[in-house]
Amino acid sequence: MDLIVYAHPDAHDSHNAAIKRHVEENLKGRGKEYETIDLYAEGFNPLLSAQAAIGKGEPDGLVEKYQGKIAKSERLIFIFPIWWYAPPAILKGFFDRVFTAGFAYNFRKEPSMPKALLPLIKACASQKACYGMFLKQLPVEQKLVGKSAVVINTFGGNDIGYEMFGSAPEYTVDKAVLNFCGVMDVKRVHWFEARGSVEIPIKVREEIDAALA
Ligand SMILES: Cc1cc2nc3c(=O)[nH]c(=O)nc-3n(C[C@H](O)[C@H](O)[C@H](O)COP(=O)(O)O)c2cc1C
């Protein structure tokens with residue numbers, strides 16, 4: 001099953017709404033089973049409680065429902081706008097509250113990698129094979145191994161802005177959340193200069209279809 005996680009306050013007239021419709025039509029058209037979580041429409045509270053922050057939170061029905069949906073999905077499809085080169089707060093809160101220790105990962109007891117490795121890790125962190133190798137050495141049990149993800153982002157700015165500000169969501173979402181929990185196959189699609197018309201440019205549409213194929 002595919003699971004769409006939609007993080008935008010407008011599910012009808014926005015650029016993100018157009019993407020959501022396109023993705024759902026694509027999946028329907030190919031007979032793919034999917035479910036959608038619309039975080040705003042479902043009134044998700046992104047704030048982590050003081051108790052949950054120390055791993056002692058009370059069970060929460062909505063969080064458990066979302067974890068159940070993630071558990072039975074092979075692929076996670078995130079659709080969200082870029083705000084301050086980051087995901088909207090509601091999606092950050094989704095990661096904070098739903099990708100919990102015990103569900104998405106566990107820390108293992110063995111010691112951390114020796115600090116002497118740090119220069120090597122820094123030097124080759126951008127190279128996929130090397131990065132993957134170090135990731136496996138982390139004292140972390142990745143509990144979402146085997147799932148893949150597609151991340152579709154809209155931007156008001158262009159690709160130059162994206163390069164200038166450090167491609168931040170690739171680190172904070174793809175690596176620090178998804179890769180960390182074992183989701184290694186992460187495809188990205190960007191709709192730059194998403195202003196005015198909400199008709200998805202052909203190139204972006206093709207990229208979305210290729211990512212979903
Ligand atoms: C609070 C806020 C922060 C934003 N920050 C950025 C940004 O850092 N970079 C960027 O390219 N666009 C930024 N934008 C523009 C949005 O990304 C753009 O309006 C949105 O992706 C268009 O899609 P929508 O019609 O579905 O909202 C920001 C918009 C808002 C409301």
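## Strands and pairing

Two strands count as paired if DSSP finds at least two bridges between them. Helices (H or I, at least four residues) and strands (E, at least two) are DSSP runs, numbered from the N terminus. With that in hand, look at Ile-77, which sits opposite Val-150 in strand 6.

What you're looking at is a predicted model, where local features need pLDDT of at least 70, side-chain atom pairs count only at pLDDT 80 or more, and totals for chains, interfaces and linings use all residues. Residues are numbered from 1 along each chain as its sequence is written.

Five strands make up an open sheet in the order 2-1-3-6-7, and the pairing is parallel. Strand 2 (34–38) and strand 7 (185–191) are at the edges with a single partner strand each, so one side of each has no neighbour in the sheet. From one strand to the next, the twist averages 15°. Axes here are lines fitted to C-alpha atoms (for helices, over the stretch in contact), and angles run from 0 to 180 degrees between N-to-C directions.

As background, strands of a sheet pair through backbone hydrogen bonds, either parallel or antiparallel.

## Strand 3 and its partners

Strand 3 (residues 75–81) runs parallel to strand 1 (residues 2–6), and five bridges join the two.

Is strand 3 mostly enclosed or left open? Six of its seven residues are buried, so strand 3 is largely enclosed by the rest of the structure. Buried means that 20 or more other C-beta atoms lie within 10 Å of a residue's own; exposed means 12 or fewer, partly exposed is in between, and the C-beta atoms are placed from the backbone. Helix 3 (residues 61–71) packs on the sheet, touching strand 1, strand 2 and strand 3, and its direction makes about 145° with that of strand 2.

## Two loop residues

Pro-87 lies in the loop between strand 3 and helix 4 (89–98). Pro-87 is buried, with 24 other C-beta atoms within 10 Å. Skipping residues up to four places away in sequence, Pro-87 touches Ala-7, Phe-80, Lys-92, Pro-169 and Val-173. Being in contact means that the C-beta atoms of two residues, placed from the backbone, lie within 7 Å.

Now for Ala-11, in the loop between strand 1 and helix 1 (15–29). Ala-11 counts as partly exposed because it has 15 C-beta neighbours inside 10 Å. Leaving out neighbours within four places in sequence, its contacts are Tyr-6, Ala-17, Lys-20, Asp-38 and Ala-41.

## Two domains

The chain is assigned domain 1 (2–104 + 143–212) and domain 2 (108–141), with bounds that come from an automatic or database domain assignment. Their C-alpha centres lie 26 Å apart. Four residues of domain 1 are in contact with four of domain 2.
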